[in-house]
Amino acid sequence: MKLYFPENYKSHLDLKQTEKAIKLVKDFFQQDLSSELKLSRVTAPLFVMKGTGINDDLNGIERPVTFPVKELNDHVAEVVHSLAKWKRMTLADLDIDPGYGLYTDMNAIRPDEELTNIHSLYVDQWDWERVISDEERNLDFLKKIVRKIYTVLLRTEFFVYEHYPQIKPILPEEITFIHAEELEEKYPDLTSKERENAIAKEFGAVFIIGIGGELPSGQIHDGRAPDYDDWSTETENGFKGLNGDILIWNPVLQSSFEISSMGIRVDKQTLLHQLKITNTEDRKDLLWHKRLLNDEFPLSIGGGIGQSRICMYFLRKAHIGEIQSSIWPEEMYKQCREHNIHLV
């Protein structure tokens, strides 16, 4: 178990206050995000059929939870990893206009997740997707949307401070942008996680661009599936990628803290290119991929924003289990109790 225990940790809120604060933060954040990005709430599935290409493959090695469906001749369904591809399909099915989009509560089970202060078997996030024009498939527009999301984070931080004055605002007024290649060049002797820690501590809030593509070292900063984020399109200064992660510095955990993974999505040409790069061209025969290649989906931008992560950060909690109810090893319960961390 990879756990970090802050020295002399004591929560700002007791258990009852925490439960109330979780709802306050979630209600405020999603309403403000909806207004800022022009998103309408929709209902989302907990599971999809296996073999359709709709489920998120994450890094391609994580096992989804599966079960046979009796009324469908025991065809297998999968609990979603995320709704990265389902959302784009839904934009098309709902015929949403450019400049508008949708968001939903995504609940997932990831049984292969390594359990830490910030990772759980249970994943809850706001998945969102917005229709864009061809002229908006560029780095400037990506940065514009990132800044809008960061504005919502700033408003939420002040909202929490108004209700709980003991929790002081600490986010910087602006978010800093840096490409994964620049980050590797800046810290050539560090691992990708160590680079994230260094840059987040320096600036307080950063957006790392171009996650998933190969870096000059031959490595990748972090894995991305080939069929939703565009991580291969050339942008400026020879860099590639129209996606990235929002990271903030977490003073409780003394580390970088990923709030959102997001990006402009693949078009037909980029999909084919990234499938070829990753040797997954067989996916072209899946239902979702066929629909994209047949021009049935709009161009879009989207991402996921962790609900428990948001609450954990703004309420200054040391463990995600202080926010959500999940399953933890008995040894983790014991160690957390010894360090004044109370898992719900």
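Trainee: What makes D267 and R137 a salt bridge?

Mentor: The distance. This is a predicted model, and in it the N to O distance between the two side chains is 3.5 Å. The cut-off is within 4 Å, so the pair counts. The pair links distant parts of the chain, 130 residues apart. D267 sits in the loop between β10 and α6, R137 in the loop between β6 and α3.

Trainee: Why is D267 called buried?

Mentor: Its relative accessible area is 16%. Buried means under 20%, so D267 qualifies. R137, at 14%, counts as buried too.

Trainee: How do you know whether K87 is buried or exposed?

Mentor: K87 has a relative accessible area of 0%, so it is buried. E129 also has 0% and is buried. These two form a salt bridge, with the closest N and O atoms 3.3 Å apart. K87 lies in helix α2 and E129 in strand β6, so the pair ties together parts that are 42 residues apart in sequence. Both belong to a network of salt bridges that includes D127 and R224.

Trainee: What are D112 and R63 called, buried, partly exposed or exposed?

Mentor: D112 has 34% relative accessibility, between 20% and 50%, so it is partly exposed. R63 has 53%, over 50%, so it is exposed. They form a salt bridge at 2.6 Å.

Trainee: Why does the radius of gyration agree with a compact globule?

Mentor: With 344 residues, a compact globule would have a radius near 20 Å. The protein has 20 Å, so the two agree.

How values were computed: Residues are numbered from 1 along each chain as its sequence is written. This is a predicted model: local features need pLDDT of at least 70, side-chain atom pairs count only at pLDDT 80 or more; totals for chains, interfaces and linings use all residues. Side-chain values use heavy atoms; hydrogens and water are left out. The radius of gyration is taken over C-alpha atoms; the globule rule is 2.2 Å times the number of residues to the power 0.38. Buried means under 20% relative accessible area, exposed over 50%, partly exposed in between (1.4 Å probe, protein chains only). Helices (H or I, at least four residues) and strands (E, at least two) are DSSP runs, numbered from the N terminus.
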